[in-house]
Amino acid sequence: MALECCKIETFGRRVGYASQLVRSTFLIAWSSFNRFLLVALLLLAARVLPAAEPSSADSATEAADQLKALNDRTIIQSSVWLDTEWDQFKHGAEEARWTLGGLWGWRVSDRQDWAVRLKVPVVYDRSDEASGHADIGGLGDIEAGTGTAFRLSNRWRTGGGIELHGDTASNPALGDSVWRLHPFWAVARDITNWLTLTPTAEYSHSVAEEHNVAPQRYLELSLPATFVLPHDWSIGTRYKANVDFENGDHWTHTVDLGVAKRLSNIPVVLSVTLEKTLDGGNKKFQANFTMTYYFERYHVPK
């Protein structure tokens with residue numbers, strides 16, 4: 001009996017070591033990918049920059065718009081980005097999500113832009129203590145969308161669109177197990193040259209559910225604010241109120257705080273954001289680090 005117990009204990013330790021090794025390998029691999037993408041963005045920017053020389057006024061306006069675009073959906077600029085998200089839950093559960101995204105925008109008229117967007121996430125999930133801290137990694141739910149934006153005046157903009165959230169996760173634990181439509185609309189007001197408010201309304205409605213998941217139908221109202229600071233820095237804040245129509249019209253409230261820096265002479269913006277739910281719940285906090293490369297509209301000198 002003692003020998004059997006010893007074998008079981010040894011096997012358990014080996015399984016634990018293997019699980020930890022898989023987790024460490026997964027995180028190291030994606031950390032390396034983060035660094036590789038940043039280097040690739042910098043090299044791409046270095047190749048693009050010599051081709052054109054924007055004026056200092058155009059460059060300052062472009063940099064401010066890129067900082068605003070992090071929180072403002074009425075500003076459309078073609079870009080690619082990598083977002084690293086870390087969610088910490090109660091009882092030891094945690095989730096890491098790496099989302100590679102791209103947005104392609106084009107000018108429809110002097111006052112209107114149009115865009116399409118694609119987001120592809122890779123997810124690592126670690127269950128809580130009661131479930132034995134099981135590790136799962138793989139593809140998450142892909143999202144695709146399209147939208148438009150209008151410049152109403154020098155200080156007013158508006159825009160909106162619709163996204164499709166697909167049930168594409170490689171494991172049900174890594175996604176929502178629903179196909180969901182997500183229309184949204186936003187209005188932006190540049191209060192001053194350094195402060196922009198962008199009230200936004202977003203509605204989500206599942207059109208198909210899998211694995212006995214309950215239907216989803218909720219409305220999110222948010223008020224993002226962007227403070228543009230000297231030397232291409234910015235601070236972003238966001239208050240969000242979410243009402244769940246499938247859960248007795250239950251309200252939740254969330255606040256975000258972030259800081260961003262646009263690198264000198266290259267159209268790369270680095271941003272860090274912390275999110276906290278004000279109503280308790282299972283999530284302790286959420287942290288995001290994002291690297292965004294913008295394809296600028298340069299003015300070639302004559």
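Leaving aside its neighbours within four places in sequence, which residues is glutamate 163 in contact with? In this predicted model, where contact means heavy atoms within 4.5 Å, the residues that glutamate 163 touches are Arg73, Arg117, Glu143, Ala144, Gly145, Arg180, Leu181, His182 and Phe184. Glutamate 163 belongs to strand 6, residues 156–165, strands being DSSP runs of E of at least two residues, numbered from the N terminus. With a relative accessible area of 6%, glutamate 163 is buried (buried is under 20% relative accessible area, exposed over 50% and partly exposed in between, with a 1.4 Å probe and protein chains only). Two of the residues in contact with glutamate 163, Arg73 and Phe184, are also related to each other, since the charged end of arginine 73 sits over the ring of phenylalanine 184 at 4.2 Å from its centre; the criterion is NZ of Lys or CZ of Arg within 6 Å of the ring centre and within 35 degrees of the ring normal.

Residues are numbered from 1 along each chain as its sequence is written, and side-chain values use heavy atoms, without hydrogens and water. Because the model is predicted, local features need pLDDT of at least 70 and side-chain atom pairs count only at pLDDT 80 or more, whereas totals for chains, interfaces and linings use all residues.

The predictor's confidence in each residue, pLDDT, runs from 0 to 100; its mean over the protein chain is 84, and 77% of the residues reach 70 or more. It stays under 50 over residues 2–8, for which the model has 0 contacts beyond four places in sequence, and also under 50 over residues 43–53, for which there are 14 such contacts. Where pLDDT is low, the predicted coordinates should not be read in detail.

Aromatic rings of Phe, Tyr and Trp (its six-membered ring) pair if their centres lie within 6.5 Å, with planes under 30 degrees apart stacked, over 60 edge-to-face and the rest tilted; the count comes to 2 aromatic pairs. Tryptophan 194 and phenylalanine 227 are stacked, 6.3 Å centre to centre with 25° between the planes. Tryptophan 194 lies in the loop between strand 7 (178–190) and strand 8 (195–197) and phenylalanine 227 in strand 10 (residues 217–229), so the pair ties together parts 33 residues apart in sequence. Tyrosine 293 and phenylalanine 295 form an edge-to-face pair, 4.9 Å centre to centre with 90° between the planes.

Conventions:
Helices (H or I, at least four residues) and strands (E, at least two) are DSSP runs, numbered from the N terminus.
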